[in-house]
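Come along while I look things up, one entry at a time.

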Amino acid sequence: MRRRTWLKVGLGSAIAFAVAGGMVATVRPGLEGGRLSRGAREVLRAVSLGVLDGSLPPASDRRDAELLAQIDRLEQYIGGLPPAVRAELSQLLAILASPAGRVTFAGLEAPWGEASVEQVQASLESMRHSRLLLRRQAYQALRDLTAGSYFSQPIAWGVMGYPGPTDL
């Protein structure tokens with residue numbers, strides 16, 4: 001390699017690291033003081049719409065109220081997880097909330113708040129069937145958190161046709 005080539009490679013690397021460092025500096029954690037950040041709430045709202053499609057109330061006012069309650073339940077549940085798990089979830093939500101992470105990791109071009117249910121579901125399916133273990137694990141975590149917190153509530157039981165636990 002010639003000296004000029006080395007200089008070009010060095011300059012290109014410096015620029016790439018500067019851009020990557022700037023992007024990392026702008027990423028906010030998914031959890032701030034034990035609460036979901038605004039970006040994390042948007043991610044979880046969109047994921048909830050994608051995972052729970054067909055299970056949420058059809059009326060938009062009831063649906064919006066149930067989605068807000070769902071996000072609050074998720075926040076409460078995440079708050080009770082061990083610190084190491086909370087830290088990993090915070091990182092995942094921060095990555096997904098960032099535009100670069102949303103596009104590269106989740107494969108979703110539209111912002112979470114603007115994406116259609118179908119787009120979010122396609123993104124989740126691509127994560128589910130990814131060859132990368134990390135993407136599959138992220139999908140499983142998002143799906144399990146969402147479904148578990150929703151279907152553990154009596155309000156969701158009627159939608160599934162479950163009458164609830166029997167009295168002993």
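What covers the buried residues of α5? I looked, and the cover includes α4 (83-97), α6 (117-128) and α7 (133-151).

**Ground rules.** I note that this is a predicted model, where local features need pLDDT of at least 70 and side-chain atom pairs count only at pLDDT 80 or more, while totals for chains, interfaces and linings use all residues. Residues are numbered from 1 along each chain as its sequence is written, and side-chain values use heavy atoms, with hydrogens and water left out.

**Entry: the whole chain.** I found eight helices and two strands, in the order α-β-β-α-α-α-α-α-α-α from the N terminus. Helices (H or I, at least four residues) and strands (E, at least two) are DSSP runs, numbered from the N terminus. The chain has 168 residues, and 33% of them count as buried. Buried means under 20% relative accessible area, exposed over 50%, and partly exposed in between, with a 1.4 Å probe and protein chains only. Among contacts (heavy atoms within 4.5 Å) between residues at least 6 apart in sequence, 56% join residues at least 24 apart.

**Entry: helix α5.** Back to α5, residues 99-106: I see that G101, R102, F105 and A106 are buried there. They span an arc of only 100° around the axis, which puts them on the same side of α5; the arc is taken from the directions from the helix axis to the C-beta atoms. An α-helix has 3.6 residues a turn, so residues three or four places apart point the same way. On the other side of α5, I find P99 and T104 exposed. Just after α5 comes G107, with a positive phi of about 70°.

**Entry: α2 against α6.** How do I describe the way α2 and α6 pack, and at what angle? Their axes are 8 Å apart and the angle is about 90°, therefore I call them roughly perpendicular (65 to 115 degrees). From α2, the contact uses A46, V47, L49, G50 and V51, and from α6 it uses V117, V120, Q121 and L124. I sorted these residues into seven nonpolar, two polar and no charged.

**Entry: S37.** Is S37 buried or exposed? S37 counts as buried, because its relative accessibility is 4%. I place S37 in the loop between β2 (35-36) and α2 (38-51). Leaving aside residues up to four places away in sequence, S37 touches P29, G30 and E32.

Definitions and conventions. Axes fitted to C-alpha atoms, helices over the stretch in contact; angles between N-to-C directions. Parallel < 35°, antiparallel > 145°, perpendicular 65-115°, else oblique. Nonpolar A, V, L, I, M, F, W, Y, C, P; charged D, E, K, R; others polar.
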